[in-house]
Amino acid sequence: MQQNSDKSIVPRTNFSQRFTTLSKYKVFVGIVGLFLALAAWSVASPVGSSPDDDFHLASIWCGDGIRNGLCEPGSSENSRMVPLALAHSICYAYNPESNATCQDNNLAINPELLYETERLNTTGLYPPLFYATLGLLASDHLQVSVVMMRLVNAAIFTILFSLTFIVVSRKFRSPLLLTYACTLVPLGFFLIPSTNPSSWAVISIGMFFFLLASLAQEVSSKRAIATVVLSVICFTMLVGSRGDGAIFAAIAVLSSLVLYPPLRKYRIPTFGLFVFFFTAAVFIFLSTGQASVTTEGLSDQTASATKHSGFNLLLFNILNMPSLITGVFGSWGLGWLDTVMPPMVWGIGLIISCIVIFQGMTTTNKRKNLVSLAVLALLFAIPLYVLQKSNAAVGAYVQPRYIYPLVILLVAISLVPLTKSTAFSINFAQKIIIFYGLALAFCISLHLNMDRYISGISNPSWDLQTADGWWWNVPISAFSVWLVGSICSLVFFWIAASEFQRNVSQPDKVH
């Protein structure tokens, strides 16, 4: 009888081992799927398609100082000579009816031809780190360089996300997955593989928060060093992206401190690290040109910016402020705000995010309520203050991508558990609606974004193929890129759903 009992145990052990191996294999496939989905977005639009790319591309080409043929001195202290093709790369901006074929001749300009511009980061408006990093990839081959920059950003996000998922406490893994899953479509997938500095803010804000929460709560000594290193990397990217990235970093630090106070037993070094992050964030923000917005507002305002003034302007902005939040999910156009997404896209993302936030807040306490309400208030107060200071109305100057990191942070805070058990869970039907609904929104938004540049919105093409349309000079068709990207997104969301449920069902280990 004892032998039979022992034999009956063996298959169960083998199955458990096989299941663990299969799970690790699925995670690897999900990581590859995530990167390929981002890679599809990196080639889904031509050079210069991200917002203000004429400014950002020139800043990247001059990000590593004076270089012959790439960035040469101008006639004034704040001007530089950069390739003429950079200026002409945005020929299609604000004209969604036309495709991007105007680039064909513009990018064929002799790369040795330079033009003088003051529209770049010579005055310190943005932190220099983002431009200096991508500037390492700048070359005479504009299209190749830009695609490489986009792919590098996609790889950075994929690697950091994977490493963060590994090192954070198990109870934070499912919230990490769900936070990024429900906030990336479509603006995140567009911005991350782009040459816009907002990409780094989107990449790092959520991971920075979960790393701090894990470090303050119960990270094991074996993973403490890795957690600290990753948090420093995310912090550096966040404050090195935009001036307001330092504000978001400070808010993430304060949120983590209130939710998980590290002032007990041996958490004093952790508290010291938090103080360092907060102090450095404040100092970095004050040292950037964007800090002047707090006292002067936006400097490029005109009298015709708005028909409202005084109290009427305040009332108008308060009533219309939610449009900035819905813009994060696609109600505002992508790119130069001229690639409009249908309600099917932004409606799915907005509804799912609201459901997730309210479901996450079913497990709460006073500290979590306080932090959530504070971040929600800042989500309205920060853009409202900037608009009022600039005498501008909603729809001018302040764009959804400016507050996008706060939306990610709000979702993350709503999902964090309060005890050592993993409290947040979803049933099978909810999992189907959330993850596969997001996959559907991904497919629609990627197709529409590609079609806008290939055919123009006045001549849509479902198969993404037109005789006189735009596309890269490569043997791979646009439809193939869309199909592969869509399949890879479905794979990622499917595996994210299964990993979410697995991490919820397994008990948390106390370190």
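## Disulfide of Cys 91 and Cys 102

A disulfide, defined as a pair of cysteine sulfur atoms within 2.5 Å, joins Cys 91 to Cys 102 with an S to S distance of 1.9 Å. Both Cys 91 and Cys 102 lie in the loop between α3 (84-88) and α4 (103-106), so the pair ties together parts that are 11 residues apart in sequence. Helices here are DSSP runs of H or I with at least four residues, numbered from the N terminus. The link of Cys 91 and Cys 102 is right-handed, with 85 degrees about the S-S bond.

Cys 91 is partly exposed, at a relative accessible area of 32%, and Cys 102 is likewise partly exposed, at 28%. On this scale, buried means under 20% relative accessible area, exposed over 50%, and partly exposed in between, for a 1.4 Å probe and protein chains only.

## Basis of the model

This is a predicted model, in which local features need pLDDT of at least 70 and side-chain atom pairs count only at pLDDT 80 or more, while totals for chains, interfaces and linings use all residues. Residues are numbered from 1 along each chain as its sequence is written, and side-chain values use heavy atoms, with hydrogens and water left out.

## Other cysteines

The structure holds two disulfides. The other bond joins Cys 62 to Cys 71, with S to S 2.0 Å. Its torsion about the S-S bond is about 105 degrees, so the disulfide of Cys 62 and Cys 71 is right-handed. Both Cys 62 and Cys 71 are buried. With the bonded cysteines of the chain numbered in sequence order, the pairing reads 1-2, 3-4.

Cys 234 is buried, with a relative accessible area of 0%. Cys 488 is also buried, at 11%.

## Packing of α7 and α18

The axes of helix α7 (residues 170-181) and helix α18 (residues 400-415) come within 9 Å and cross at roughly 150 degrees. Axes are lines fitted to C-alpha atoms, for helices over the stretch in contact, and angles run from 0 to 180 degrees between N-to-C directions. The two helices α7 and α18 are therefore roughly antiparallel to each other, a term for angles over 145 degrees.

The contact (heavy atoms within 4.5 Å) is made by Pro 175, Leu 178 and Thr 179 of α7 and by Ile 408, Val 411, Ala 412 and Leu 415 of α18. These residues divide into six nonpolar, one polar and no charged. Ala, Val, Leu, Ile, Met, Phe, Trp, Tyr, Cys and Pro count as nonpolar, Asp, Glu, Lys and Arg as charged, and the others, Gly among them, as polar.

Notes:
Angles under 35 degrees count as roughly parallel, over 145 as roughly antiparallel, 65 to 115 as roughly perpendicular and the rest as oblique.
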